[in-house]
Amino acid sequence: MLFAEHPELFFEGITLEVRPDRSQWMSWRAISGGQKAVVAIALSLALLHGNLSPCYIFDEVDASLDVIVTKRLAQYLVQQRSQFIVASLREEFYCQSRCIVGTFQSPVSKASKALTLFFPSNFSE
C-alpha cells in the first residue's frame, strides 16, 4: 500500500485549490471568507451525497454567504432526499422551508418552549 510505504505524505496536510465563479484556479489561502464557505459547503455536500443519511444539521451555514448564494443553497437542500435541519437567521431559508421552529423561554415557568409554524404550500407531493 502506498500510504503505508510513505507515511510522510501526511506530514504537511493537504493543499486545496479552487475555482470560485469558474475563474482561475486559486489557493485556499487566497479566496475570501464567503468563497471559503461556499467551497466548504460544496465539499461537505459532495461527501454527504456519497454516503446518504436521513438527516443533516447545519448551524448558520449561511452566515458568510450573500443573498443569492443563500437562496441557491436553500433551493438545493429542498430538492434533496435527506432532511436538513438548518439554524439560520436568513429569510432566504425561511421562504424555502416546510416549517420554522422557534424556541423561547416561558416567562411564567422559565422552561424552554418551542413553537412550530408549518407552510403547507412548500410541501411537495
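Predicted model: local features only at pLDDT ≥ 70, side-chain atom pairs only at ≥ 80, totals over all residues.
**View 1. Helix H3 spans residues 67-79.** The helix has 13 residues. From first C-alpha to last it reaches 19 Å, close to the 18 Å expected at 1.5 Å a residue.

**View 2. H3 has buried residues on one side.** Thr70, Leu73, Ala74 and Leu77 are the buried residues of H3. They cover an arc of only 100 degrees around the axis, so they sit on the same side of H3. An α-helix has 3.6 residues a turn, so residues three or four places apart point the same way. Ile68, Arg72 and Gln79 are exposed. They lie on the face of H3 turned away from its buried side.

**View 3. Helices and strands cover the buried residues of H3.** The cover includes two helices, H2 (33-50) and H4 (91-94). It also includes strands E3 (55-59) and E4 (83-87).

**View 4. Asp66 caps the N-terminal end of H3.** A side-chain oxygen of Asp66 lies 3.3 Å from the backbone nitrogen of Ile68. Ile68 is also one of the exposed residues on the face turned away from the buried side of H3.

**View 5. Ser82 lies in the loop between H3 and E4.** Ser82 counts as buried because its relative accessibility is 12%, and buried means under 20%. A polar atom of the Ser82 side chain lies 2.5 Å from the backbone oxygen of Ser53. Not counting residues up to four places away in sequence, Ser82 touches Leu52, Ser53, Pro54 and Tyr56.

Conventions
Residues numbered from 1 in each chain as written. Heavy atoms only, no water. Helix = DSSP H or I, 4+ residues; strand = E, 2+ residues; numbered from the N terminus. Expected span 1.5 Å × (residues − 1). Buried < 20%, exposed > 50% of the residue type's maximum accessible area, 1.4 Å probe, protein only. Arc of directions from axis to C-beta. Contact = heavy atoms within 4.5 Å. Polar contact = N/O pair within 3.5 Å; in protein donor to acceptor, adjacent residues only side chain to side chain.
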